[in-house]
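Biologist: Could you walk me through this one? I'd like to go piece by piece and ask as we go.

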Amino acid sequence: MFDDSSSRIAADLRDWIAKAPPGAQLPSTRALVTRYAAGPVTVQKALRILTTQGLVESRPGVGTFVRTVRDTRAHDYGWQTAALGTPRNPSGRRFTALQTVANDRIALHSGYPDRELLPERLVRGAFARAARSDATVNRPPSSGLPDLQAWFATELAAVTPAGVMAPAPSDVVIFPGSQSGLGTAFQALVGPGRPLLVESPTYWGAILAANRAGVQVVPVPSSAEGPRPEDLALAFDRTGARAFYAQPHFANPTGAQWQPERAAGVLEVVRAHGAFLIEDDWAHDFGIDTVPIPLATRDDGGHVVYLRSLTKSVSPSVRIAAVVARGPARERILADARAESMYVSGLLQAVALDVVTQPGWRTHTRGLGRRLATRRDLLISAVRAHLPQARLDVVPRGGLNLWVRLPDPTDLTRLVRDCEDDGVVIAPGDEWFPAEPTGAYLRLNYSGPNPGAFPEGTRIISRALARQAQ
Ligand SMILES: Cc1ncc(COP(=O)(O)O)c(C=O)c1O
């Protein structure tokens, strides 16, 4: 995957270096300019990349040379095994959604939208403005830039019904992405060794954050309609848990969206048990057929702790999210955030605020819904036409994923490997189950690059499945 010509030239020279003896001289800059039909600045940037990677060294006035490798001894780090002891998170699970792949692959695994779905012009403009502002040198308050806190609070207030007190800007704590907010919420509201109820299946990153916080994850079954209040009540009673992590809108991975009666039922159970609902509104900007109204707008008693991220919708480089909480919960969350990282880069906060307050942002998110609809429908048609072995129970009304059931038995590990060999990267559903998976599932993401390849991708999955049936 090459972002620019310099990276492409550096990659090509890396192959040359791999075959060259130590000390060999690279062709001159002038020769490289001719060979790659590139400008001298581009070639020099490629050489700087190789120098930074420790592959070449430049001798001023003489040239650039393949670095002499001084030490090829294999080190023995065995002592660390004794020093570190048993890992706290022994599962060693792999999470496919973060895998980066070459751009000749058909990528149906990713968790982050493709560049063409981002408001790139707004983001570039915001960075340019922020670079000229005091945000480059100022330290923001630990809870976040006041104007950004106010923006998140106002967004919720705008859809809070009469009779419910909307959150204040001071209820908002800014985080470097909601993954970080989840870790803090689990640490501050649950704590090591204590139970946290989660939907099953649920977001793999939440399982990871819970493991890191030493929290004991307790699955509650959840379907296309969300969890049944009676199942949730039973789990609270059985475990003594005081928190439930959930995604009421366009859940990752299932795409489920709770209807208002179900949401009310869940909230009632949470209140009756004196517990928290940690609401992860990760796909707030990815509504397709509906605009999600957070459950947080129905609660002013401090039961709902609300997470809202801009990372996926503004840019993966602008890792900004908010946690909205009230009362002592908010104080504990802020205290944990301070202990963790003190404050979030003011520059990134200024960029995020700039983007979401531009008139172009609304236009962008409206257009995004239409583009996601086209992609979703394209992938659904491809699955129906070319992957007849898969069952799709939920047409997601928002979000980025389809959750499909495969026939029993399917060897998912083999399927993922075979598809990868044939150029398609898929995410095995097992990664979203906090306990044993209840079936063979795939999460297919429709926001990745090249939607035109969806038919080919699904054909390849189908062929790999057919080979298992033989
Ligand atoms: C459900 C859910 N919550 C949280 C996150 C993390 O978001 P962020 O990028 O803001 O850390 C993700 C990212 O995939 C997600 O799917």
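Modeller: Let me start with helix 5, residues 120-131, which has 12 residues and reaches 16 Å from its first C-alpha to its last, close to the 16 Å expected at 1.5 Å a residue. Please keep in mind throughout that this is a predicted model.

Biologist: Which residues of helix 5 are buried?

Modeller: The buried residues are Leu122, Ala126 and Ala130. Looking down the axis of helix 5, these buried residues fall within an arc of 65°, so they line one face of the helix. In general, an α-helix has 3.6 residues a turn, so residues three or four places apart point the same way.

Biologist: And what is exposed on the other side of helix 5?

Modeller: On that side, Glu120, Arg121, Ala128 and Ala131 are exposed.

Biologist: Switching to strands, what is the order in the open sheet of eight?

Modeller: The order is 4-11-10-9-8-5-6-7, and the pairing is mixed. Strand 4 (172-175) and strand 7 (226-227) stand at the edges with a single partner strand each, so one side of each is left without a neighbour in the sheet.

Biologist: How does strand 7 join strand 6?

Modeller: Strand 6, residues 216-223, runs antiparallel to strand 7 and is joined to it by two bridges; Ser222 has Pro227 of strand 7 as its bridge partner.

Biologist: What about strand 16, is it buried or exposed?

Modeller: Five of the five residues of strand 16, which spans 441-445, are buried, so the strand is largely enclosed by the rest of the structure. Both of its faces are covered, with Tyr441, Arg443 and Asn445 on one side and Leu442 and Leu444 on the other.

Biologist: Which strands pair with strand 16?

Modeller: Strand 13, residues 401-405, pairs with strand 16 in the antiparallel sense over five bridges, while strand 15, residues 427-428, is joined to strand 16 by two bridges and also runs antiparallel to it. Leu442 takes part in both pairings, as the bridge partner of Val404 and of Pro428.

Biologist: Now the ligand: which residues come nearest?

Modeller: Of the 14 residues around the ligand, Gly177, Gln179, Trp282, Ser309 and Thr311 come nearest. The shell divides into three nonpolar, nine polar and two charged residues.

Biologist: Last one, how is the protein divided into domains?

Modeller: There are domain 1 (5-66), domain 2 (96-118 + 362-469) and domain 3 (120-358), and the C-alpha centres of domain 1 and domain 3 lie 47 Å apart.

Key: Residues are numbered from 1 along each chain as its sequence is written. This is a predicted model: local features need pLDDT of at least 70, side-chain atom pairs count only at pLDDT 80 or more; totals for chains, interfaces and linings use all residues. A residue is near a molecule or strand if its C-beta atom, placed from the backbone, lies within 6 Å of it. Ala, Val, Leu, Ile, Met, Phe, Trp, Tyr, Cys and Pro count as nonpolar, Asp, Glu, Lys and Arg as charged, and the others, Gly among them, as polar. Two strands pair if DSSP finds at least two bridges between them. Helices (H or I, at least four residues) and strands (E, at least two) are DSSP runs, numbered from the N terminus. Domain bounds come from an automatic or database domain assignment. The expected span of a helix is 1.5 Å times one less than its number of residues. A residue is buried if 20 or more other C-beta atoms lie within 10 Å of its own, exposed if 12 or fewer, and partly exposed in between; C-beta atoms are placed from the backbone. The arc is that of the directions from the helix axis to the C-beta atoms.
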